[in-house]
Structures are given as C-alpha cells and as structure tokens.
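Subject: Model for you to look at

Dear colleague,

Please find the structure below, with my notes after it.

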Amino acid sequence: MAYKINFDESISDMIDRLKQEHIQFKITLNKITKYNDENNIDKAIETIHDMSQPIIKHAVEEEARIMRVIMHNAKEASTDSIKIMQEHNWVVDFLKQKIPTIKGNIDKQQDGQDIQFQKKAHNEINEFVINLRNHFEEEEQIVFPLALKADRDKDKSSA
C-alpha cells in the first residue's frame, strides 16, 4: 500500500477535496446501512472492503498534511484535532481486524441461522457507520477549520 502525497496541493484545495471525499464516503455508508438493514451482511462487508483502501489513503493524507500544518502553526490549539486524528486507529483496526473476523465467522456458519451472531455483526457494522459519520463531522467542524487558520497564520508570519 504505497501512497504518493501531493505536498504541492494547497491546504485549502486539499480540504475541499477531502470534504468531497467525505461526501462520497457518506454515500457508501448509506449503502452499507441499507445492506445491513436488509441483513445482507456479506454485501455490507464487501462494500466496506471496497472502501477500505480509499479511506486509509484519506486518513494518511490527513495525518501527513493537515496535522503537519496544525502542529507547526497551531500546536497550542491542537488537542482536539490530535484526538480526532487518533480515531483513524480504530477505523484501520476495524477495516483490517474486525471485518475479516466478522467475515470469517459468517463463512463458518453452516446454516446461516445464528440469529445472535447476525445481530452482533449487524450492530458492529452499524456502530462503525455511525462512528465514521461522526468522525467526518468532527474533522469538518474542528480539524479542517483549524488547519485553514494555521495555514493562513503561517502565510502571515512568512510575509
């Protein structure tokens, strides 16, 4: 998994692009919710798997570029942003650890009638969707505005 980060892209342009990616991710999360509500766990997992690489790339870019600007130019105001960026750990853990576990348990089921397991998988997927939506909102309300301010402050101090 090799990503090239464009360090020439302005922070403002990058944040606009990241917000557009959030919109696309939210559309995918709606599909996951729909499949999950239909008890089509396989399709929900497949859709999560399909979005896993783009979401990890998205997180890497945020940490590499957005947090860099914040830490260099707004460190005193960075506490909430750091906490929000640390949420990327649970996202990656869910994608790389939890989803394969859920998928493996589904594949082990003989009759597919284990209601308790289906309910647990449904709840875990639902919780992932809700938490990821909240994470996007936190980024847009807290992290991105701080990064924009920090970037403007950097430009002012270098002028």
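Phe-144 sits in helix α5, residues 115–158; helices here are DSSP runs of H or I of at least four residues, numbered from the N terminus. This is a predicted model, in which local features need pLDDT of at least 70 and side-chain atom pairs pLDDT 80 or more, while totals for chains, interfaces and linings use all residues. Residues are numbered from 1 along each chain as its sequence is written, and side-chain values use heavy atoms, with hydrogens and water left out.

With a relative accessibility of 1%, Phe-144 counts as buried (under 20% relative accessible area, 1.4 Å probe, protein chains only). Beyond its neighbours within four places in sequence, Phe-144 contacts Ile-15, Leu-18, Lys-19, His-22, Glu-62 and Glu-139 (heavy atoms within 4.5 Å). Leu-18 is 126 residues from Phe-144 in sequence, with 9.4 Å between their C-alpha atoms.

Helix α4 (residues 88–108) and helix α3 (residues 79–86) have axes that come within 4 Å and cross at roughly 5 degrees; the axes are lines fitted to C-alpha atoms over the stretch in contact, with angles from 0 to 180 degrees between N-to-C directions. That makes α3 roughly parallel to α4 (under 35 degrees). Ile-84, Met-85 and Gln-86 of α3 meet His-88, Asn-89 and Trp-90 of α4.

A kink of about 40 degrees in α4 is centred on Phe-94, the bend being the angle between axes fitted to the seven residues ending there and the seven starting there. Phe-94 is also one of the buried residues of α4, with His-88, Val-91, Leu-95, Ile-99, Ile-102 and Ile-106.

Regards

Key. Helix = DSSP H or I, 4+ residues; strand = E, 2+ residues; numbered from the N terminus. Parallel < 35°, antiparallel > 145°, perpendicular 65-115°, else oblique. Buried < 20%, exposed > 50% of the residue type's maximum accessible area, 1.4 Å probe, protein only.
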